[in-house]
Each structure stands twice: as structure tokens, then as C-alpha cells.
Amino acid sequence: MSNRFAWGWTQVLVAFLIQGIGSGSLMYAYSVVVVPFAETFAPTRMTLMLGMTFMILGSGLLSPWLGVAIDRKPLRLLLGGAILAVASGFMLLSLTTAIWQMPAIYLLCMSFGLVLLGPLAASTLVSRWFLRRRGLALGIAAMGTSFGGFLFPPLIQWLVDAMEWRLAFRLLALFIAALVLPVWLLTVDRPGDKGLYPDGARIPPVAAGEAGDLVFSSTHAIVRNRSFWVVAAIVSVLFGAFTATLGNLVPFALDAGISADRGALLISNIALMAIPGTLVFGWLADRMDVRLALAMVVAVVAAGLACLFGEPSYTRMVAGSLLVGLGGGGMIPVWSALLAGVFGPANYGRVMGLMNPVLMPFNLLAPPLAGWVQDVAGSYHWAFVLFAGLMLASLALVPLIEKRQGLVKTAILAYKSD
């Protein structure tokens, strides 16, 4: 691989950074962010989860349009705008005077950041630059999610503990806004913009996804394909359960008499274990049937949720958070590699953009559903049982995903013979 392909790995760094900002400040940190709102406005647990619900709703509605924009507009403009939207959101959160304003801000500001500072833009960028090592590159980029999840929850908790929470959110907004500069300077949309080809090849490589590119050359062909809906169903359950766990984990710990800072550490545990999870599952996605890798991710997350059944000790909570993190780290690289392998890299942005609204209903329902279960039953037990059961049931759908990787491997072998 040419030394000039440092630009390719620079795009992995950009994808790492934007996913760290998006997932870390919006998803992983959500259960930390809502604690000051709970203390200030005293809403129900279900109401506290509406911010995440509205954010996911907005992201689902925006996703198809932004997926097209990613294919047509400069990514540096889209990413810079998304970072500023998130920074503006935290600034507005610091000015709230009523609890209804919190979900409105997550809908209007944070949903834009959730789409563009996530796998839709990051994985599209990486998939353009890599072919032979796509799974590994996607895994490294997805580590940004883990890094952000490890950084932002304790950072926000420290700021809130050190000063009045409104001031803490304003300082956080300024920190996030400052990250626009490195993203703007480093982002390069495609290898051709630097006179390169994927993987730093000297001549145009045989695209591994060409078969998928030809088969799924239209939106109609994509949505008629069984694999689109099967993947969407499995990933919907997986992401919904993971999102609900992140959003409710600190309140869950508080119910058990555990301090907020120790609860925040559970979120950091998830982020920490997601780092080896992204690398391991990204590596496996290059070397085995990606469908099997997806099944392994589902099983590991389900095992983590099982550790949270009943009234677990803090030790069992730690074990559960580590397992959820390990499997959760594999979600994005495995899902991304599966979509690129089945539908082709040329269709990647469109396929993910179309799939995100399909994922939206359960992602919208899961966080407040878990909060509602706690409001009614006084415990999160049955919520975790439901999520784990749905994930185990989804394993039966994995064999229904069509295996187009044989066409992909043939193209890769032709490319390697160059």
C-alpha cells in the first residue's frame, strides 16, 4: 500500500472523530444529561426518555434525505453543520425553562447530528476509501463511538458536579463547536479528489461490490429485496435494545441505590469494551460470513442484558455493561460491512438512508417503553427480559439474509492478483 494512502487512513480518523462526537455526546451521554432535568423539573421516567425518542424520530425522518445529500454534497460542509447543530443544542439545553423544551431541542438540533455524526456518513466515507481492508477500517472508525462514549459521560458528569449544570452545558457546547476545525481540514470525500484509488491502488481496482451495484441499481430493487427487510428487522431490535439500555442505565443504577458517578461508569464500561468489540468484529467481518458475525453480536448483547435481570448487584451490572459494550461495539462495523457486501458500495449511502426509517419505530419505542415499565412495575426487570428475548428470537432470521459475499470475494481475489 502506497505511503500516499495516508489520506485514506486520515479519513478513518475523521470517521473516528465524528462518531465519537455524535454517539458520545448524544447517545452514550443521554442518561447523564437527563439527571439535571430530573432534579430540576421532576418529570416521570417515561417523560425523561422522550428526548431520545424525539431525536431518533427526527433522525429517521432526515436519514433518507441526508443519505442522498451525502452522495451529492461535500461531506466537510455536512459534517461541519452537524457539529454546530449539536453544539447549538447543548447551548439551548442550558436555557430551558420547562421540561417540554428538552425533547423539542433533541428533535430540532440533535437529530441532525445523530444522522451525520454516525455510521451513515462515517461508514460511507470509509467504504469509498477501502476495499480489501474495509471491515478493519470500519472497525477502527467505529472505535470513535466507543471513545466518545468513554469520554463524554464522565466529562459531562464532572462538569455538572463542578459547577451549575447550565454553565456546564454551555462549556460543553463550546468544546464541541471547536471540533469543527479539524473535521473541516481533514475531510476528503473520495480517493479521486487526491488522485488516488481505494486502498492506494496504482490502477482502478475491481470493486468488490460491483455485483451488488448492478443488481441493486434502483431504490425499487433495494426495497423489494428480502435481505433489506431481514437485516432491518434484526438491526432494529439490536439498536433499539442497546439505545434503551444506554438511556436508562444511570436511572436503573440510581434505583438500586448506586451513586450517579458510579452509574456513569457503567456507561463508560460499555464504551470501553466496545473498543475491542469494534476491532474484533470488524476483523471477523473480513474473514468469515458476515451473517455469522451479526449473530454473534446479537448473542453477546443479549447475554449482557441477561445480567441485568432482577435486582442485580453492582458487580453483575458491571459484567452486563461489559458484555453489552463488547457486542455493541460490533454493531456498526458488522452492519456496515454487511450492507456494503450485499448491496454494493455505490448504493451504500442510499441503502442505509432507506433503512434508517425502518429502524426508527422500535428505536423510538424502546427507551420510553423501558421507562414506562419502571413507572408501572417499579423495576426495569421485564424491560430487559423483553429486549433480550426479542434479540434471541431475531437470530432465527439471520439465515434468511441472502449471501452475495461469494461475488464480492471473487472480485477481491481479482483485485489482489493485480
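Start by selecting L181, which lies in helix α10 (residues 180-186). The model you have open is a predicted one.

**Stop 1: L181 and R76**

Is L181 buried or exposed? Its relative accessibility is 54%, so L181 counts as exposed, the cut-off being over 50%. L181 and R76 are 105 residues apart in sequence. In space, their C-alpha atoms are 10.0 Å apart.

**Stop 2: the whole chain**

Zoom out. Colour by secondary structure and you will find 20 helices and zero strands. The chain has 418 residues, and 59% of them are buried. The accessible surface comes to about 15600 Å². Carbon and sulfur atoms account for 69% of that area.

How many of the contacts join residues at least 24 apart? Take the contacts between residues at least 6 apart in sequence: 84% of them do. Your opening pair, L181 and R76, is 105 residues apart in sequence.

**Stop 3: helices α5 and α6**

Select residues 75-93 for helix α5 and residues 101-116 for helix α6. These two helices pack at an angle of about 155°. Their axes are 8 Å apart. An angle over 145 degrees counts as roughly antiparallel, so α5 and α6 are roughly antiparallel to each other. Their crossing is left-handed.

Show the side chains where they meet. On α5, the contact includes L78, L79, A82, A85, V86 and F90. On α6, look for M102, I105, Y106, C109 and F112, among others in the contact. Which classes of residue make up this contact? There are 15 nonpolar residues, three polar and no charged ones.

**Stop 4: helix α7**

Move on to residues 119-129, helix α7. Eleven of its eleven residues are buried, so the helix is largely enclosed by the rest of the structure. Click through the buried residues, among them P119, S123, T124, R128 and W129.

**Stop 5: P36 and its contacts**

Select P36, in helix α2 (residues 30-41). P36 has a relative accessible area of 4% and is buried, because buried means under 20%. What does P36 touch, leaving aside residues up to four places away in sequence? Its contacts are V160, W165 and F169. Then pick Q157. P36 and Q157 are 121 residues apart in sequence, yet 9.9 Å apart in space, C-alpha to C-alpha.

**Stop 6: A42**

Step along to A42, in the loop between α2 and α3 (45-48). Check its backbone: phi is positive, at about 50°, although A42 is not a glycine. Its relative accessibility is 65%, so A42 counts as exposed. P36, by contrast, is buried.

**Stop 7: helices α17 and α18**

Finish with another helix pair. Select residues 331-343 for α17 and residues 348-377 for α18. Here the packing angle is about 125°, and the axes are 10 Å apart. The two helices are therefore oblique to each other. α17 passes α18 in a right-handed crossing.

Display the contact residues. From α17 come W335, S336, L339, A340 and F343. From α18 come Y348, V351, M352, M355, N356 and L359.

Technical notes:
Residues are numbered from 1 along each chain as its sequence is written. This is a predicted model: local features need pLDDT of at least 70, side-chain atom pairs count only at pLDDT 80 or more; totals for chains, interfaces and linings use all residues. Side-chain values use heavy atoms; hydrogens and water are left out. Axes are lines fitted to C-alpha atoms, for helices over the stretch in contact, and angles run from 0 to 180 degrees between N-to-C directions. Helices (H or I, at least four residues) and strands (E, at least two) are DSSP runs, numbered from the N terminus. Angles under 35 degrees count as roughly parallel, over 145 as roughly antiparallel, 65 to 115 as roughly perpendicular and the rest as oblique. A crossing is left-handed if the near helix is turned anticlockwise from the far one by less than a right angle, and right-handed if clockwise. Contact means heavy atoms within 4.5 Å. Buried means under 20% relative accessible area, exposed over 50%, partly exposed in between (1.4 Å probe, protein chains only). Accessible areas come from the Shrake-Rupley method with a 1.4 Å probe; for residues, only the protein chains shown count as cover. Ala, Val, Leu, Ile, Met, Phe, Trp, Tyr, Cys and Pro count as nonpolar, Asp, Glu, Lys and Arg as charged, and the others, Gly among them, as polar.
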